[in-house]
Amino acid sequence: MGLGRSDYLALAHIYCEGPIQPWELGTRRGMGSGTLTPLLDRLERRGYAVRTDHPWTGAVS
């Protein structure tokens with residue numbers, strides 16, 4: 001799949017839990033924004049995740 005361990009674990013969390021706000025994913029995975037943003041960029045570039053501009057949640061799914 002071309003994913004690192006952190007990428008895979010974040011993706012597994014999104015898959016099992018459903019859409020989640022980026023800050024919440026970072027909190028649950030113990031990641032700050034400096035680590036989480038590049039991770040989400042990688043997942044999104046590869047087509048594994050999508051960030052949406054939901055007016056209430058801004059969730060990652």
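This is a predicted model: local features need pLDDT of at least 70, side-chain atom pairs count only at pLDDT 80 or more; totals for chains, interfaces and linings use all residues.
Residues are numbered from 1 along each chain as its sequence is written, and side-chain values use heavy atoms, with hydrogens and water left out.

Now switch to a cartoon view. The chain has three helices and zero strands, and its pattern along the sequence reads α-α-α (helices, H or I, of at least four residues and strands, E, of at least two are DSSP runs, numbered from the N terminus). Of the 61 residues of the chain, 30% count as buried (buried is under 20% relative accessible area, exposed over 50%, partly exposed in between, with a 1.4 Å probe and protein chains only). Among the contacts in the chain with a separation of 6 or more, 44% are between residues 24 or more positions apart (a contact means heavy atoms within 4.5 Å).

Next, select residues 5-17, which form helix α1. Its 13 residues, at 1.5 Å a residue, should span 18 Å, and the end C-alpha atoms are 18 Å apart, which agrees (the expected span is 1.5 Å times one less than the number of residues).

Within α1, colour Asp7, Ala10, Leu11, His13 and Ile14, which are buried. They cover an arc of only 155 degrees around the axis, so they lie on the same side of α1 (the arc is that of the directions from the helix axis to the C-beta atoms). The buried residues of α1 pack against α2 (22-29) and α3 (33-45). Turn to the other side of α1 to find Arg5, Tyr15 and Cys16, which are exposed.

Go to Asp7 in helix α1. What is its relative accessible area? The value for Asp7 is 4%, so the residue counts as buried. Leaving aside neighbours within four places in sequence, Asp7 is in contact with Leu39, Arg42, Leu43 and Arg46.

Move along α1 to His13. His13 is buried too, with a relative accessible area of 18%. Not counting residues up to four places away in sequence, His13 touches Gly18, Ile20, Leu25 and Arg28.
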